[in-house]
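Please read the points below with the model open beside you.

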Amino acid sequence: MLGRGFIAGGAMVALAMSVVGAQAHDESKYPDWSGQWLRNYGGLPRYDPSKPLRKQEAPLKPEYQVRFEASMADQDAGGHGLDTAYTCLPQGMPRMMSGVSRMEFLISPGTTHILFDEIWLGARRIYTDGRPWPKIDDPTFVGYSIGKWLDTDGDGKFDTLEVETRDFKGPRVYDDSGLPLHRDNQSVIKERLSLDKANRNVLLNEITTYDHALTRPWTVTKHYQRIPGKVEFHEDLCSEDNRHVYIGKEGYFLSGDGYLMPTKKDQAPPDLRYFQQTKK
């Protein structure tokens, strides 16, 4: 049987360890990013909020500039261009950080989670536990994120989160226009998030995209506004009432009476080779 002294000593060690653990999880060391956040500008979400949707002036290589212009031309004709969001595919990075949906930050020492109102965007997990980059066999639209908290003003509290995200799958675009990222999905995206010193209800995200479709890294600063009042999230499922139908390389629309409709002038119907043709 163990002696009382041994048991008491063990209890003291456990208590000491719990105190150390509590200190390691001290929430006062982290910034207050509680509540909900959304982009603070009007119009559709876009990578560079300071420029119009179709005039982002992305430093695209010629091949991808041609693809971008073709995407816009297809949209002008009634199609969707390179934008696959209408199929309910996850929008991925960096598009999902353009204030597409209300989002919430859940901060813990080892991981910062970002949750979105639109469930189909997927949750982000930013690992801040000092882990190395793993070998990823199954890339995702969201990518794999490793971050580091910084105390930039030396007051003993973290104020800035630096993040690097890699290991993507695609296709991915920057916004509704179909502004494309490279098809090799070798993007590296770096973020630097911090509260605006002039307004603690504004969160800044300096984001830089490194991508082989670009002639140089593309850096912009996004602004998210904290939504006042009680935090409430709603279930937003893209596929719940999605009337867009994607067949082969063509997109169609399902009418109110359940019939397939074209989205572009003179659009050919889908290939019906596996259906028995009715003779008139």
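1. Contact here means heavy atoms within 4.5 Å. Setting aside neighbours within four places in sequence, M103 is in contact with G35, Q36, W37, M97, I114, L115, F116, Y224 and F233.

2. The model is predicted, so local features need pLDDT of at least 70 and side-chain atom pairs count only at pLDDT 80 or more, while totals for chains, interfaces and linings use all residues. Residues are numbered from 1 along each chain as its sequence is written, and side-chain values use heavy atoms, with hydrogens and water left out.

3. M103 also belongs to the largest nonpolar core, which has 37 residues. Such a core is a set of buried Ala, Val, Leu, Ile, Met, Phe, Trp, Tyr and Cys residues joined through side-chain atoms within 4.5 Å. Buried means under 20% relative accessible area, exposed over 50%, and partly exposed in between (1.4 Å probe, protein chains only). Those with the most contacts inside the core are W33, L60, M97, M103, F105, L203 and W218. Two or more core residues come from each of α2 (62–76), β2 (103–107), β3 (111–116), β6 (160–166), β7 (188–196), β8 (199–210) and β9 (218–227). These helices (H or I, at least four residues) and strands (E, at least two) are DSSP runs, numbered from the N terminus. In soluble globular proteins, nonpolar side chains tend to be buried together.

4. How many aromatic pairs does the structure hold? There are ten. Rings of Phe, Tyr and Trp (its six-membered ring) pair if their centres lie within 6.5 Å; planes under 30 degrees apart count as stacked, over 60 as edge-to-face and the rest as tilted. The rings of Y30 and F158 have centres 5.2 Å apart and planes at 50 degrees, so this pair is tilted. Y30 lies in the loop between α1 (4–24) and β1 (36–39), and F158 in the loop between β5 (144–150) and β6, 128 residues apart. Y30 is buried at 16% relative accessible area, whereas F158, at 21%, is partly exposed.

5. W133 and Y144 make another tilted pair, because their ring centres are 6.2 Å apart and their planes at 55 degrees. W133 sits in the loop between β4 (124–127) and β5, and Y144 in strand β5, eleven residues apart. W133 is partly exposed, with a relative accessible area of 30%; Y144 is buried, at 15%. One aromatic cluster is formed by Y30, W33, F105, W149 and F158.

6. The largest pocket has a volume of about 300 Å³. On a 1 Å grid over the protein atoms alone, a cavity is a set of points where a 1.4 Å probe fits but cannot get out, and a pocket is an open set with protein on both sides within 12 Å along at least five of seven lines; lining residues have an atom within 4 Å of a point. Of the 18 residues that line this pocket, D153, D159, L195, K197 and R200 are the closest to its centre. The largest share of the lining, four residues, comes from β7.

7. The structure holds one cavity of 30 Å³ or more. The largest cavity has a volume of about 50 Å³. Volume is the space filled by probe spheres set on the grid points, which are joined across faces, edges and corners. Among the residues lining this cavity are L82, T84, P90 and R172.
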